[in-house]
Amino acid sequence: MKNYSVGISGVGSFVPENILTNYDLMKMVDTSNEWIVERTGIRERRIGSKDISTSDLGTEAAKRALKDANLKPEDIDLIIVATITPDHLFPSTACIIQDNLKATNAAAMDINAACTGFVYGIVTGASFVKSGMYDRVLVIGGENLSKIIDWKDRNTCVLFGDGAGACVLERCDEGYGILSYELGSDGENRQVLIQPGGGSKIPASMESIEDNLHTLKMDGREVFKFAVRTMERTSKVALERANLQVEDIDLLIPHQANIRIIDAARKKLDLPMDRIYVNLDRYGNMSSASIPVALDEAIRDKKIKKGDNILFAGFGAGLTWGSLILKWNKEEDNV
Ligand code: ACO
């Protein structure tokens with residue numbers, strides 16, 4: 001078994017054009033711009049049109065990541081799509097994207113770890129490259145959450161948005177790429193964030209529709225407490241495993257759910273705000289797409305250069321969590 005270093009060789013993202021502002025939401029539910037901004041930090045989010053699905057968003061993000069990596073679709077050995085809003089329960093969204101791209105040499109599968117999905121996807125994909133089994137893996141985090149939101153529930157409908165981000169994983173020089181990670185789960189608390197209907201436990205029926213079981217349900221306060229605890233703890237585990245200190249981190253890219261969660265975790269970690277990338281004000285929570293879209297924007301904003309230590313930290317339904325530290329391996333002028 002080989003033990004190659006694995007890094008990100010290409011990044012891309014795509015969000016729908018249509019913007020839904022807090023003021024638009026005020027016409028739909030009993031809320032206000034002030035409440036949403038103060039309690040979440042979100043000002044607007046992107047919403048895909050009716051005929052857009054997760055595979056459409058993911059395909060576009062993937063094309064951009066492939067271009068950034070200077071690769072053709074047929075160079076890809078494996079496509080992993082992290083999503084909780086697949087086009088269908090089966091076949092996988094990864095298979096649909098494989099067809100859209102004509103990635104004729106790729107295996108394809110989906111991963112469901114909710115908002116932690118992208119971190120799970122990167123760790124899974126990197127394991128194949130590290131072992132020498134595959135040379136190039138495409139990991140996509142894509143969500144069309146607007147299709148599973150209860151647009152009458154002000155507790156949840158103000159929080160989420162649609163989008164997709166993608167990365168290509170390849171071997172890189174020793175000392176660069178993924179340095180450490182931690183993945184975890186706590187299924188006992190799965191009820192705090194759930195889409196109850198549509199699976200084998202509660203298949204779609206007239207009754208399940210009448211009971212409104214096909215939309216996202218969340219106990220916001222419980223998720224909030226879990227998120228703050230977890231972001232700090234999992235970040236510290238990844239730091240310890242990489243033998244790094246908090247001050248060695250050049251940029252934290254957290255899951256973009258709520259500015260208060262990020263701020264509380266930042267304080268616990270004692271990390272200055274200028275070393276955290278935040279774009280949730282413009283996109284809301286895009287679940288598994290949040291981290292890769294933020295990564296792509298951070299690169300385009302010139303916030304990342306070769307040799308920087310980048311920390312991803314995520315949490316989500318499951319419950320799940322994950323963190324990962326990368327020493328950035330791409331030259332600045334290539335990105
Ligand atoms: N507009 C106005 N008032 C509102 C709104 C709204 N959009 N939503 C809730 N309220 C009201 C509530 O009804 C409540 O009123 P009450 O006191 O009369 O009952 C009041 O505001 C306070 O509600 P809380 O739930 O206590 O508000 P809180 O400060 O906890 O903020 C929030 C709620 C934003 C949901 C917060 O708990 C949170 O961010 N939780 C984490 C959510 C999260 O990260 N989810 C994603 C996980 S990732 C994944 O896997 C999908």
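Predicted model: local features only at pLDDT ≥ 70, side-chain atom pairs only at ≥ 80, totals over all residues.

**Stop 1: the ligand**

Now zoom in on arginine 39: one of its polar side-chain atoms sits 2.5 Å from an oxygen atom of the ligand. Next, pick arginine 154, where a backbone N or O atom lies 2.9 Å from a nitrogen atom of the ligand. Then try glycine 220, which has a polar backbone atom 2.9 Å from a nitrogen atom of the ligand.

**Stop 2: helices H8 and H9**

Two packed helices are described by the angle between their axes and the distance between the axes. Select residues 220-242 for H8 and residues 259-269 for H9; these two pack at an angle of about 40 degrees, with axes 9 Å apart. That angle makes H8 oblique to H9, and their crossing is right-handed. Which residues of H8 meet H9? Show Phe224, Ala227, Val228, Met231, Glu232, Ser235 and Lys236 on the H8 side, and Arg260, Ile261, Ile262, Ala264, Ala265, Lys268 and Leu269 on the H9 side. Color this contact by class and you get nine nonpolar, one polar and four charged residues.

**Stop 3: helices H3 and H4**

Move on to residues 54-68 (H3) and residues 93-101 (H4), whose axes cross at roughly 55 degrees and come within 9 Å. H3 and H4 are therefore oblique to each other. The crossing of H3 and H4 is right-handed. To see the contact, show Thr54, Ser55, Gly58, Thr59, Ala62, Lys63 and Leu66 from H3, with Thr93, Ile96, Ile97, Asn100 and Leu101 from H4. By class, the contact of H3 with H4 has five nonpolar, six polar and one charged residues.

**Stop 4: the loops**

Most residues other than glycine have a negative phi, and most peptide bonds are trans. Here are some spots to check against that.

- Asparagine 212 lies in the loop between helix H7 (206-210) and strand E10 (217-218), and its phi is positive, near 55 degrees.

Technical notes: Residues numbered from 1 in each chain as written. Heavy atoms only, no water. Axes fitted to C-alpha atoms, helices over the stretch in contact; angles between N-to-C directions. Helix = DSSP H or I, 4+ residues; strand = E, 2+ residues; numbered from the N terminus. Parallel < 35°, antiparallel > 145°, perpendicular 65-115°, else oblique. Left-handed = near helix turned anticlockwise from the far one by under 90°. Contact = heavy atoms within 4.5 Å. Nonpolar A, V, L, I, M, F, W, Y, C, P; charged D, E, K, R; others polar. Polar contact = N/O pair within 3.5 Å; in protein donor to acceptor, adjacent residues only side chain to side chain.
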